[in-house]
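Here is a short report on one protein chain. Read it with the model open.

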Amino acid sequence: MKNILQNLFLISFLFTLNHCTSDREVIKDEGYTDTKQLQNLRYNDQRAKSLVEIVEKLEKNSVSFTGEFSMKILSGEKLREVNNVNGKIFFDRNTGKVKIQLMEPFFGLIISQIISDNTIIKIKSSGQEKIHEQEMGDIHMVDPTSRKPIVIPYPIIYFTIAQNFIEEFKSDKSYLSPSEKRVLVKRGKDEYKYFFYEKGLSSLEYISTERNMKAICQVPEKYRNGDHPPERLTTRVTEINGELEKDTSQVDIQYKNVRRNVTIPANTFNF
């Protein structure tokens with residue numbers, strides 16, 4: 001019965017996806033105090049040089065890799081529902097493409113595959129000829145036990161894998177704070193906050209006031225050793241209702257058997 005529920009849980013990737021985008025007013029520089037200005041510097045501002053150097057070094061040293069992972073998804077009331085998934089991952093640095101194969105834990109059969117770059121997600125479930133395609137966005141699933149929706153914030157997971165920062169950080173919708181090692185990026189009405197440490201990305205926070213939700217993807221401090229991908233990655237999704245916040249899901253990923261600096265054949269990113 002457990003395997004059946006896991007299969008239903010994963011196959012629902014294909015049928016319950018959507019994405020929401022909209023516009024947001026850009027922060028204006030004029031009128032800020034000196035302290036405020038130092039928290040909202042442009043990429044080419046010399047005062048942001050220390051943070052820019054960290055970002056450029058990380059992107060330069062990012063490499064293609066393959067690996068395996070185990071994923072634990074917590075959902076339901078007080079996150080008591082637990083679903084476990086195994087899988088394989090392929091990342092090509094040159095193209096920014098990611099392929100994820102989700103596998104049934106007992107027999108290791110592939111039951112769903114995801115292929116994406118920084119703009120498009122394609123999903124194909126086992127036994128289905130049709131390929132679902134959508135713009136980069138959240139993956140919406142349904143818990144097979146409670147029938148309640150679960151949101152997997154795929155963009156922040158993807159961005160922690162790709163580590164392709166510079167082009168976006170140079171835009172007029174990005175604001176750098178070297179003292180916090182933080183970059184704030186505006187995408188429509190959504191906000192992303194990238195937090196760095198000397199050797200890597202420590203966390204990526206997402207908030208949408210329009211959708212009343214936020215998500216935090218974080219490398220636990222124990223694993224902040226500069227490895228890409230990090231050994232552990234935890235993502236928590238929270239519903240916001242005024243001053244009240246309620247966690248709706250948590251995704252814990254453990255990478256293993258990672259091979260870095262590999263050449264990945266182009267046909268890997270086909271179904």
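A contact means heavy atoms within 4.5 Å. Residues 24 or more positions apart account for 53% of the contacts in the chain with a separation of 6 or more. This is a predicted model: local features need pLDDT of at least 70, side-chain atom pairs count only at pLDDT 80 or more, and totals for chains, interfaces and linings use all residues. Residues are numbered from 1 along each chain as its sequence is written, and side-chain values use heavy atoms, with hydrogens and water left out.

**Overall**

The chain holds five helices and 15 strands. Helices (H or I, at least four residues) and strands (E, at least two) are DSSP runs, numbered from the N terminus. Of the 271 residues, 49% are buried. Buried means under 20% relative accessible area, exposed over 50%, and partly exposed in between (1.4 Å probe, protein chains only).

Helix H3 (residues 49-61) has 13 residues. In H3, Leu51, Val52, Ile54, Val55, Leu58 and Glu59 are buried. They cover an arc of only 160° around the axis, which puts them on the same side of H3. The arc is that of the directions from the helix axis to the C-beta atoms. On the other side of H3, Lys57 and Lys60 are exposed. The buried residues of H3 pack against helix H5 (166-169) and several strands, including E9 (174-177) and E10 (182-187).

Helix H4 (residues 154-162) is largely enclosed by the rest of the structure, because nine of its nine residues are buried. Among them are Tyr154, Phe159 and Ala162. Just after H4, glutamine 163 takes a positive phi of about 50°.

**Salt bridges**

A search of the whole structure finds 11 salt bridges. Each is a side-chain nitrogen of Lys or Arg within 4 Å of a carboxyl oxygen of Asp or Glu. The table gives some of them.

| Pair | N to O distance |
|---|---|
| Lysine 181 and glutamate 198 | 3.7 Å |
| Glutamate 191 and lysine 186 | 2.4 Å |
| Glutamate 210 and lysine 189 | 3.5 Å |

Glutamate 191 and lysine 186 are both buried. Lysine 181 is partly exposed at 26% relative accessibility. Glutamate 210 is partly exposed, with a relative accessible area of 39%. Lysine 189 is also partly exposed, at 32%.

**One loop**

Phenylalanine 106 lies in the loop between strand E3 (97-103) and strand E4 (110-116). Phenylalanine 106 is exposed, with a relative accessible area of 60%.

Conventions: Expected span 1.5 Å × (residues − 1).
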